[in-house]
Amino acid sequence: MAEGRRNARPRGRRFEKPKDFMGTIRKLLSYMGRYRIAVIIVMIFAVGSTIFNVIGPKILGNATTELFNGLIAKISGTGQINFGKIGSILLKLMGLYACSMVFAFIQGWVMSGVSQKMCFRMREEISRKINRMPLGYFESNTVGDVLSRITNDVDTLGQSLNQSITQLITSVCTLIGVLVMMLSISPLMTLITLIILPVSIVLVAVIVKRSQKYFFAQQKYLGKIDGQIEETFSGHNVVKAFNREETELEAFRETNDILFESGWKSQFFSGLMMPLMNFVSNLGYVAVAVAGAMLAAAGTIMIVPSCSM
Amino acid sequence: MSTIKEKARTFDVVFDTLLRHPYIVIALLCALLLPFGFAQASQIAEGHIAFEELLWLFGMVALTLFGKPSKSFKINLYLLLSSAVMILLFSLMVSENPQHAQMMFILVGVGIFQLGAVMVAEKSLKTDRLILLMMVLGVVVRYCYVLRYDYTQLQHDVGSFEGTHGHASYIMYWYENGLKLPDFDVSTRWQFYHPPLHHLLMALLMSVTAVLTGLLASRVSAGVGRRLRESIYEKVMKFTNAEMEKFSTASLITRSTNDIQQVQFVIVMLLRMVAYAPILAAFGIVKVIRTRSGMSWIIVVAVIALSALIGILLAVAMPKFKKMQTLVDRLNLVSRELLTGIMPIRAFSREAHEEKRFEKASRDLYETQLFTNRTMSIMMPVMMFIMNGVSVLIVWVGAGRVDLGTIQVGDLTAFVTYSMVIVIGFLMMSMVSILLPRAGIAADRIAEVLDTPVSLIDPDQPRDGEAREGSGRLAFQDVQFTYPGAEAPALADISFTASPGEVTAIIGSTGCGKTTLVNLIPRFFDVTQGQITLDGVDIRQLSQKYLRDQIGYVPQKGMLFTGTIESNIKYGGDQITDEDMKEAARIAQAEEFILEKKEGYGYDIAQEGANVSGGQRQRLSIARAIAKHPKIYVFDDSFSALDYKTDLVLRTELMKYTGDSTVIIVAQRISTVLHADKILCMEEGRIVGQGTHEELMKSCPTYREIAQSQLSEAELASMGGED
């Protein structure tokens, strides 16, 4: 591997993979234990708000069905559009959405409190720990390294906690909710939709595998370049005194080029996910439409609800 | 493993080839999309050039002609040519078939602008803004195309299957026709419309363009990152200590790592998602108005509500966001002090005090972050509510109009779809309003470094030749030095000569200006008054390279670099042989511990030499200076990290070796300077005594004080007796 002239063991300290992922998670959970009640509140409200959001389209579908039926009745001269009924459905729907909003808001409010408090506590504990660490630790660890733990790492943790916990709860609820809704419309069509799932999973797996390779390369060289920057900047005088600016720049360029290559590739491959998923879901959509058409032809389902798939 | 690598390489080669011949891509794209153009063309029998298209055209031409995008002639030429080709194609197509012309125009536009963006991005940093503009335009064009296509399709659906809405048309179509293709009648018009197939191809097209945008976006952002990083690094390498101190090393490191990462991230976000948000919204609005359903006011209300929401939230949170950045800096500062000052803190039992200071900084940050996070947590739920509310309102109002017969159910669905497009556009815009300020701060910090002029420039005609024959006599003549921005001079009236073959020692209490003085020699700073000469030539009239080649500099703190022991000792240049290296190591008393290592000179040195002890670091940095065979040695308090015994042995060996060289030693310990040929005693930036130990003991009270505080009477007496 072309690692530059000063071929040294890259320390990669900042981006080490957690050695024991489950252990880390467990530690994190126990750390969150103090906020058990808050987390439970977050979960309840997240579930609530998601459920309301999932039910929403179905109720809206009821309204359009009502409208459609009324229109057909009107055209065939057998009746009128029942505005009273549509109105009450829509009113109910607005109430539901309002509840969903309040729930989501409460959940966001509580969660940001929990994650920020956790960050604060962690910083606090690190600072205390610093004062209790044996001095040897500071000889073998650079200031920049420890500093980045206090600021960047804690910050990243807080942000991802805030987002990922909420996201996890919401996506699981949405998944279940949508499944239930679909099943209630047509089990057969749900099955067709689910056929798409393995395709998606395989696609995701392929992309993730590829993008991960570049991602790790990117993080590795990011760490390496950070290291180069740190040591040549803090040893600026020595670099100048020994006329090494050009050589250092050359070495830097080398790492920078590798970083660029792995950087854009990892960015690109991870970005492939969205358009590909989009295409797959469109495939599913067409499959559902075709199946829906055949079912409609056989007279087993209504047209309009099938659209809400 | 290797096949993946090879594939990646192939992909790269293909991409690079394409990059060099952008027209190949455009031609390929056109070929790929031509069938769509024909299919589209059939759907509007009589077309006209839409107002929007004309706007884009003018925009692009204007950009090319008046934007003065780049100083590079080649890029300008490229832009000019590409727009000329575009106009040519455009006018050609207009005469043939207006719909087709639109397609061609749009595709060519996309290709040229996106590829142009990449090319420019990789060529010049100064055109970053242009790249963004071009990428935005490329994305605009792409989305206009998608929306137009979508709308035309929807219109067609609605037209063909009255009473149902767009998507239901599939089902109706299959219901009525079974699983067979519609009649294909070439004679009357190009009719090839097959809903599910159409849908799939459409989806494929969208995915392809999205992938392409992703590819360009990631290359552009990574390219900008690479370029910025290199420019900053190059700049900092040229900086003198004055600039280093102006920014502080820590801040420069953050600027060239975190800040660049931030900018890179935002560029990706901008190019990938956010750039077309306003376009989505704008075109959604246009389409909605065109349905003439009389319900546009709902969208207007929604947009006003959303704008108001974003506006209020930003107004509340923005001041705090700005404050947050300073609080992060503050926390950084306090933590840095905590870490760098760990020794004195422990020595004076100041832990509790420091913890309190840290807690204050941490708590301030916590409170501000909590506030901004909570404010922002209002945004999503309310936005969702507005979005949902809009669809409910549309169905309610629309129901009445459907009853009156002014609109169809299909229009209703189209309306809901487009209103969602608008709202999503606004959602994305709100993301920009959060992202941009943060990236702006980072970009400003980077620009600040890049815009700082380098204060040290080599003379046009360096007088290296005149000094070359000299033996390394260094003379300070009435030197005064004031730190940039400081009021009082740090050094004043400094005059002395350091001669070859002699040891000149500088002693004085902490902060008296010893280090500042020696920093003037390799021109880490320049004198403010007076001059320093090397063999009679002012050092400012020498090239920096020549001057520094004559100096073997050993810093106060042993500073090593990632690599091996060998690469560190040979740091002074490629001319250093293994023998030089070994001899230097022996003199610097480093040989013993080097040979103890299994790898010997090949032993890996970690970043900043973190894996060897402080004393070993110091000895290696002394060896590094010796290996260079300089005319002048500058030891900036380099012996204090060594124990007395090593210090003594090392200096004895060193003196044997340095011979004719000029040696300048800064020291705290009196024992280090005792035998120097000349001792300068400094106090508050001035030389208060100059001479040998004996002379100074008699004439200089400051020196006597230092000596008495470090040596016992007996020692002083014996020293005196010896000479």
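Student: What makes α20(B) and α23(B) count as being in contact?

Tutor: This is a predicted model. In it, B:E583, B:R586 and B:I587 of α20(B) meet B:L650, B:E653, B:L654 and B:Y657 of α23(B). Contact means heavy atoms within 4.5 Å. By class, four of the residues are nonpolar, none polar and three charged.

Student: Why is α2(A) called roughly parallel to α14(B)?

Tutor: Helix α2 (residues 36–75) of chain A and helix α14 (residues 351–404) of chain B cross at roughly 5°, and their axes come within 11 Å. The cut-off is under 35 degrees, so α2(A) is roughly parallel to α14(B).

Student: Which residues meet there?

Tutor: Among them are A:L60, A:L67 and A:L71 in α2(A), and B:V392, B:V395 and B:V402 in α14(B). The contact has nine nonpolar, three polar and two charged residues.

Student: What makes A:R128 and B:E355 a salt bridge?

Tutor: Their closest N and O atoms are 3.5 Å apart. The limit is 4 Å, so the pair qualifies. The whole structure has 24 salt bridges over all chains.

Student: How do you know that this pair joins two chains?

Tutor: A:R128 lies in helix α3 (residues 83–132) of chain A, and B:E355 in helix α14 of chain B, so the pair joins two chains.

Student: Which residues form the nonpolar surface patch?

Tutor: A:L168, A:V172, A:L175, A:I176 and A:V180 form the patch, with about 500 Å² of accessible area together. A:I176 is in helix α5 (residues 143–185) of chain A.

Methods. Residues are numbered from 1 along each chain as its sequence is written. Chains are lettered from A and ligands numbered from 1 in the order in which they are written. This is a predicted model: local features need pLDDT of at least 70, side-chain atom pairs count only at pLDDT 80 or more; totals for chains, interfaces and linings use all residues. Side-chain values use heavy atoms; hydrogens and water are left out. Axes are lines fitted to C-alpha atoms, for helices over the stretch in contact, and angles run from 0 to 180 degrees between N-to-C directions. Helices (H or I, at least four residues) and strands (E, at least two) are DSSP runs, numbered from the N terminus. Angles under 35 degrees count as roughly parallel, over 145 as roughly antiparallel, 65 to 115 as roughly perpendicular and the rest as oblique. Ala, Val, Leu, Ile, Met, Phe, Trp, Tyr, Cys and Pro count as nonpolar, Asp, Glu, Lys and Arg as charged, and the others, Gly among them, as polar. Patches are made of residues with over 30% relative accessible area and no salt bridge: like charges are joined within 9 Å, nonpolar side chains (Val, Leu, Ile, Met, Phe, Trp, Tyr) within 5 Å. Accessible areas come from the Shrake-Rupley method with a 1.4 Å probe; for residues, only the protein chains shown count as cover. A salt bridge is a side-chain nitrogen of Lys or Arg within 4 Å of a carboxyl oxygen of Asp or Glu.
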